[in-house]
Amino acid sequence: MPPKQEKVVPNVVEVASSDDEDGIRVEKRKNPSSNKPLLQNRPKVNATATPGSGNLTIEARSFWKAGAYDIGPTKWTPTEGQLEHARVHPKFLHSNATSHKWAFGAIAELLDNAVDEICNGATFVKVDRIYNKRDNSPALLFLDDGGGMDPESVRKCMSLGYSSKKANTTIGQYGNGFKTSTMRLGADAIVFSRTSRNNRATQSIGLLSYTFLRRTGQDDVIVPMVDFDVSNHWAEPIIYGSQEEWSTNLSTILEWSPFESKDDLMQQFEDIGPHGTKIIIYNLWLNDEGIFELNFDDDGEDIRLRDEANRGSLTKTSKRVFELQSHISYRMRFSLRAYASMLYLRKFTNFKIILRGTPVEQFNIADELKYPKAITYKPQLAITSKEVVVETTLGFIKEAPSLGVSGFNIYHKNRLIRPFWKVTADGSSKGNGVVGVLEANFIEPAHDKQDFERSSVFFRLEVRLKQMIMDYWKGHCHLIGHQPSDANLRNLQKGAAQPPIQLAREVHKQAPIIGLSANAQKEMRLDQPMIGHATNIRQDLTRGQPGSVQEVTCVDNSRRTSIDQICEENIQLFMRCEEHKQKQNELKRTIAQLEEQVEETKRKCAHLSLRLQSQRKLELI
């Protein structure tokens, strides 16, 4: 689209802080002629430093060391009539991005943004390597054909802590994903977006450049942006302030982006189409050895994490280790194609993730499990919450029993949060080869969407998953050649010679509560082991067999305690505790309902008493 000769009128933008609920807001200019929220005026930017990254040290180009630089004195003071505000130092961009320990987690955030655009007509997102024209270094490209962003939406996207995604189906919710993910992958990012809303077609450009902010010594996060109205098939600049401001934004973008002229900038919209968004991340981070963290060379159809991929290839490996490293549970650590194939639970009908020119084939490991079983789980939520039913699919991986891969793939709103979460005890053979898949929308993910918030609901889920995998193993392990655990029941009588309470005390000295995480133990609020406290509990655990304890025989070295059995007993007791808690909540609800009925009855009685008194007075008259 050819640009029209501009009536150059500019604006200056800055990400300003706020104490409102969104954390960072877009400040509105006090200009009666403007009807668009803008970012606050700033003095002319001192951009005398040389753009690019050629003279930066390796430490400055390494992500984990990029935040280590000295902060100079604050340069800006409010002009007359302008209020001071809490500013966001550029260092915050880096420290905020450290929430992504894993680079693929940052890429997943950008894929989520494209997937959330399916409701606006998006049919693809492309992820590819391109080259920075200034120094021929690799850059990372994300391109989708979603609804795009208008000027206001671009400013909200570039602001910190603002999210316009309020629907229950969208993945993003914190308004932080774009900033953390782009800054985790590279020092700089430039955004191009085109949309058509309210009979007005616009295209916008925004630059989030850590290099620019750092090299020019800024003490606030300044994000230059320019907008164009393309409703009449040419690019008419949209002006909110003065010509000088708009020109300052454009010149800053041209100086610090990979594009040296305005024509180069406008050409970037050619492959976007009538609507969509393009993100280019450049000055990609290096690892500690001074090599690009992302590896584009080993596989022309994939993007790999160099350090993760090298971990398993340092020495010669056995056949079994090679098979394990070929499994998707291992490959997804360093292969973006493997990770993206499992990133979303349900397969898309009219949407594709195109990685380096080749679509990613979606994969759900539940589709190839052996002896699959569906288990229904009803999490215990708050009394006021709506009842939730979750279906979990369990089964053996097709490579079982030769591979001991196990764990649960936990999704949230269709997005993979915890892959192959191992809930069984380390060193235990029980559960080897058993994999489960479930969608846990009843717990909230952490900010990096690679884990869940540690709530009581999460701990109860952990214990329930342990129980699921143990129960499944009991009933199905013989199908892949393992001996059923019931064969160990012959050893139960060996430990019956000791009194159960004395035996439990000796067990407690070695393993207080085995099989549950420390946080789960705190959630239970128990100071003593849940093993053989009393005869009735012991009889319940052994399914009505008085005088016996389930393989808790740790008296001497010749009779070692079965850790698996202790885990199972503790889990069973914990589940009984959960059942009692659930019954207690039900009783509380019943009591509350009865109390309401009593109050209602009292009100009716009072009303009837008043009517009776009135009738008696009338009779006396």
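Rings of Phe, Tyr and Trp (its six-membered ring) pair if their centres lie within 6.5 Å; planes under 30 degrees apart count as stacked, over 60 as edge-to-face and the rest as tilted. This is a predicted model, where local features need pLDDT of at least 70, side-chain atom pairs count only at pLDDT 80 or more, and totals for chains, interfaces and linings use all residues. Residues are numbered from 1 along each chain as its sequence is written, and side-chain values use heavy atoms, with hydrogens and water left out.

**Exercise 1. Find the aromatic pairs and classify the one formed by phenylalanine 396 and tyrosine 472.**

Step 1. Searching the whole structure gives 17 aromatic pairs.

Step 2. For phenylalanine 396 and tyrosine 472, the ring centres are 5.3 Å apart and the planes stand at 55°, so this pair is tilted.

Step 3. Now place the two partners: phenylalanine 396 is in strand β15 (residues 390-396) and tyrosine 472 in helix α13 (residues 456-476), so the pair links distant parts of the chain, 76 residues apart. Helices (H or I, at least four residues) and strands (E, at least two) are DSSP runs, numbered from the N terminus.

Step 4. Check burial, where buried means under 20% relative accessible area, exposed over 50% and partly exposed in between (1.4 Å probe, protein chains only). Phenylalanine 396 has 0% and is therefore buried; tyrosine 472, with 1%, is buried too.

**Exercise 2. Describe the pair of phenylalanine 458 and phenylalanine 459, and the cluster around it.**

Step 1. The centre-to-centre distance is 5.8 Å and the planes make 70°, an edge-to-face pair.

Step 2. Both phenylalanine 458 and phenylalanine 459 are buried.

Step 3. Follow the ring pairs onward, and Trp421, Phe452, Phe458 and Phe459 are linked into a cluster.

**Exercise 3. Which rings have lysine 126 and arginine 184 over their faces?**

Step 1. Apply the test: NZ of Lys or CZ of Arg must be within 6 Å of the ring centre and within 35 degrees of the ring normal.

Step 2. Lysine 126 sits over phenylalanine 124, at 5.3 Å from the ring centre.

Step 3. Arginine 184 sits over phenylalanine 63, at 4.5 Å from the ring centre.

**Exercise 4. Is asparagine 249 buried or exposed, and what does its side chain reach?**

Step 1. Asparagine 249 lies in helix α7 (residues 243-256).

Step 2. Its relative accessible area is 2%, so asparagine 249 is buried.

Step 3. The side chain of asparagine 249 comes to 2.9 Å from the backbone nitrogen of methionine 225.

Technical notes: Polar contact = N/O pair within 3.5 Å; in protein donor to acceptor, adjacent residues only side chain to side chain.
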